[in-house]
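Subject: Structure handover

Hello,

Here is the structure I said I would pass on. Please open it and keep it beside these notes.

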Amino acid sequence: MKSSFLFLALLAPVAAFAQQPFSITGKLGNLGKPAKVYIDYSDSQGKGKEDSADVVNGVFKFTGSVTGITNARMALDHEGKGKPFSIYSPGADVIYIHFGPEQIRITSKDSLSSATFTGSPVYNEHIAYNKAIGGSIMELTAIYQKEYAEASAEDKRDPEFMQALNAKQTELRKQRGAKMIEFAKANPNSFFSLSALSESAGMYADMATLQTILSSLNKDLQKLDMAKELQQRINAEKLTAVGKPAPAFTQNDVNDKPLSLASLKGKVVLLDFWASWCSPCRAENPNMLKQYKIYKDKGFEILSVSLDSKKEPWLEAIEQDGLPWLHVSDLKGWNNAAGRLYGVRGVPACYLIDRDGKIIAADVRGEKLNTKLAEIFKN
């Protein structure tokens, strides 16, 4: 088993590396205005960064510095509709990559999703890793979309056909998850073993198994922020279980005044993790506003923790959506201290906390939230 993974032997632990420069130069045919490329990435110590570049005569370029291996998301906005649209719209031209302090060139006729990369050994190793585990999530999704597109109109209306198609995709992802765990066990010195564990957490492996494998990785890998964040998620599963006291934290509100969760004891609190750029989060805001108006005078409060990294869009979203409740953030993006404390890996995420400060429900949104609040405040 181990011999099949030896191609990653060159990826040494990266904790001790200093910040080093990188460049990403792209040539996407003859694309021009209003085309724009957005990149979000974080270095190995977890500092989130973002940038954007106009595409002029097909060319764009990013420069910066990273510590060791970095994971990134790149999105191409073909129509000038902005970053959220370029990431979350149906058929979005988005790629997820890893790279290091390298001089990288991207070439394609017209898109990021079909681009080829040169100049990045890390990218090549990432491709090899994906091959070993059965493909990336994007590749598996593409398989599903192709099979659906090629199906007849009759099949698309057939519940049995759709059930079989969905079951096939579920099985492929399950097999991929098992291979990720297998890979991590076999390659304790590989950065992508840590990446595999991070992606598998709560989906393809229980936290006890993850803890065992994480503890067996190279000690330098365990010093990386990704490993620390994974350890926090492992810990958070127990800390945020229903019936447990909600983990305490304090962050600044919109006026830069500290506000603690503990100060809300005596109220029923919806602890809401969101961000201005999160479309599903903002789609839920009208329902939350309706519930807030119904129950505010009965002892209900909402504390929204933003995973934004800049204050301006955070405040704009609050004003645009008309959200009168409590808001806090440390403006550290995905590294928000409260989000990491609660093991948040996706937004929206929420916890309902009773008057004694104990968690009574998690991920209650929409009708689930409405029903739960009606039960609590029925008298």
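Residues are numbered from 1 along each chain as its sequence is written, and side-chain values use heavy atoms, with hydrogens and water left out.

Confidence. pLDDT is the predictor's confidence in each residue, from 0 to 100. The chain has a mean pLDDT of 91, and 94% of its residues reach 70 or more. Over residues 1-16 the pLDDT is below 50. Where pLDDT is low, the predicted coordinates should not be read in detail.

Cores. A nonpolar core is a set of buried Ala, Val, Leu, Ile, Met, Phe, Trp, Tyr and Cys residues joined through side-chain atoms within 4.5 Å; buried means under 20% relative accessible area, with a 1.4 Å probe and protein chains only. The largest one has 44 residues, and Phe 249, Leu 270 and Phe 300 are among those with the most contacts inside it. β11 gives the most to this core, 6 residues. Helices (H or I, at least four residues) and strands (E, at least two) are DSSP runs, numbered from the N terminus. A second, separate core has 26 residues, including Ile 133 and Leu 217. Contact means heavy atoms within 4.5 Å. Leaving aside neighbours within four places in sequence, Phe 300 is in contact with residues including Val 268, Leu 270, Tyr 295 and Phe 377.

Cavity and pocket. On a 1 Å grid over the protein atoms alone, a cavity is a set of points where a 1.4 Å probe fits but cannot get out, and a pocket is an open set with protein on both sides within 12 Å along at least five of seven lines; lining residues have an atom within 4 Å of a point. A volume is the space filled by probe spheres set on the points, which are joined across faces, edges and corners. There is 1 cavity of 30 Å³ or more. The largest cavity has a volume of about 50 Å³, and Leu 270, Cys 281 and Arg 365 are among the residues that line it. α10 (279-295) supplies the largest share of that lining, 3 residues.

The second largest pocket holds about 320 Å³ of space. Its lining has 19 residues, and Tyr 342 and Asp 363 are among those nearest its centre.

Regards

Note on methods:
This is a predicted model: local features need pLDDT of at least 70, side-chain atom pairs count only at pLDDT 80 or more; totals for chains, interfaces and linings use all residues. Buried means under 20% relative accessible area, exposed over 50%, partly exposed in between (1.4 Å probe, protein chains only).
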